[in-house]
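Q: Could we go through this structure together, one topic at a time?

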Amino acid sequence: MDEIQIASEKEQVGALPGALNSNTESIDLDPSSPCITDGNLAINTPRSRSILDINHILEFAKLEPADFRSQVQCLYFSEQLENDAIKLMELDGPLQDALKSGERIEIRGDPGDGAVVVTGSQTFDVKEAETSNSMLMISSLSYGPDIPNEDDKSIIKRQVSSIVHNYYELRPIKPRLAKLRALLSENPFRGSECEGDELDIGKKYTFSELQQRVQASDAEIKRGLAKMNTCELKGVWRLLDFEYAATVLYHILQLCEERDWLQNGLNMTECLQVLGELFPIEIIKHMVTSHSNENPDTMETDAQKNIYNLCEDKICKHLAELCLKNSGKFNLNDFLRAWQESVPDGMKTNLSQIEGMALVDSDARPPVIWYYSVDLLPEDVGERFEVLFEERKKWSLEDITPYIRDLTDEKTTVNALLTKYARASLTNGIKMFSSRKTN
Amino acid sequence: MVRATIEIPRDNAEQKEWAIIELQGDLETRHPVPLSGKFIGDLHFTHKDAPVLIIGHHILHGKVVTLEKPLAVLAKSLEHHVNVQDMDVTSDSLSPKHEASSHSVSYHVETIITKKILFKTRPKPIIAHVPKKL
């Protein structure tokens, strides 16, 4: 029997036996007059309850009042019962710490994106969980150990302010930064002289506008901006048009060769003085710092901060991109020659510098290389693998790693991703990964 | 676009923890009348601190359970609202689409709940013999 029966007479509204005055009315718990409430518990009209009422019920229940602690909490629905007044959100450790330390956390996203919750540094996916159980919310309640043991019973009224059937589950996720690139691509910076020209029509975003649209924490947005070749100009964040950025870097490299800065380090003040006439200072600074070796900079003095050592790998990568972008498939040997010739004297090119940016087909005759950047691939793991297997049916571990490494975290390694999303097979003794989908 | 903030109000750092009583199924009255103000039942604790809830003539034996993850109780803060009437205050969802009209929404944490009283067994009916009238 699924139904829970409740029996009562005398009052059509369903009087609770104990709520009746037992001196004047008999109490009838006759189970032969059932009221079926469809698997649900039935509740009754309010009366002011006395110890007598409570003990009376206990007696019917064949329970001994002495077996219970002296305080009875009578639960009532609040007069202002409001089930939608509150929402429940599961907190995991970092989120709770963030809240308790006074950090403001935010819900962010465009309509249709699904909500995320961000702290200063982390992003959480929000999923609504429903339960068929009822959660009665009570702002104040005593638990067993809180109740002193006294001889006399006492009654406390407790109010249920809402009944809740759902809560939000939060799960830490990687920031969704594809939107950041998409938004900033609406109007890339092509140089001061192009501002206001016929192509300068896309929207430009302030950091605060990006916070509203991008589903990532502030720290993650900042990291994303730093990684993407962007610059804050006149209060708005701009993606640097690639050709434009290449021109700026070309001038920086020219100056470096003139002044022997590749060996001795670039002098920022001087660099800004010379190139400041041609380009906005922020952009020169950005191009220098983003192509320099990362300093363990915290302890540095101002004088040292002025000197930057350009990073060979970053410069070589940039020049390879310049070579390969928009040029389709390139004869590998021709490319390697042209690339080495394009880098400043003393720098050495190496294919490892451009992993995740270009693909090589060594089986083709002649071998070819083409631009294929991980930055332009989908962020969603499933979609990422789909796109990768469209590009190439079988991947070696070495080849695919740079294209999925950004999806890994402490728990999910490259191998774990491959186990889940790819099928391994042996080709000429080499382990290759292909799509799990059969077609 | 949405940007709703959630924070613990600074003025009451010592928040009192709320309680959750979790029951299987729903509570209903026999007739479709509002639940507001209605009596639900008596909550007792045994000397061994086990909760016993009597609703109508059903006895529920439960236990106090520590939540795996604490639950924050969020309530909309009204003081920041410029255009309260524009917003779907009764919305069931935190999802952005319900709040497209404004991004000045803010929630505050009323309390963080770490345990609940769970009644997960089927309620036992009180089977009473009808008292004899004298």
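A: An open sheet of 3 strands in chain A has the order β14-β16-β15, with antiparallel pairing. Strands pair if DSSP finds at least two bridges between them; strands (E, at least two residues) and helices (H or I, at least four) are DSSP runs, numbered from the N terminus. This is a predicted model: local features need pLDDT of at least 70, side-chain atom pairs count only at pLDDT 80 or more, and totals for chains, interfaces and linings use all residues. Residues are numbered from 1 along each chain as its sequence is written, chains are lettered from A and ligands numbered from 1 in the order in which they are written, and side-chain values use heavy atoms, without hydrogens and water.

Q: Which strands stand at the edges?
A: β14 (330–331) and β15 (358–361) of chain A do; each has a single partner strand, so one side of each lacks a neighbour in the sheet.

Q: How many bridges join β14(A) to β16(A)?
A: There are 2, and β16(A) covers residues 368–371. Phe330(A) has Ile369(A) as its bridge partner.

Q: New topic: what does Ile354(A) touch?
A: Leaving out residues up to four places away in sequence, Ile354(A) touches Lys317(A), Ala320(A), Leu324(A), Phe335(A), Trp339(A) and Ile369(A), where contact means heavy atoms within 4.5 Å.

Q: Which residues in α14(A) meet α15(A)?
A: Leu397(A), Ile400(A), Thr401(A) and Ile404(A) in α14(A) meet Val414(A), Asn415(A), Leu417(A) and Leu418(A) in α15(A).
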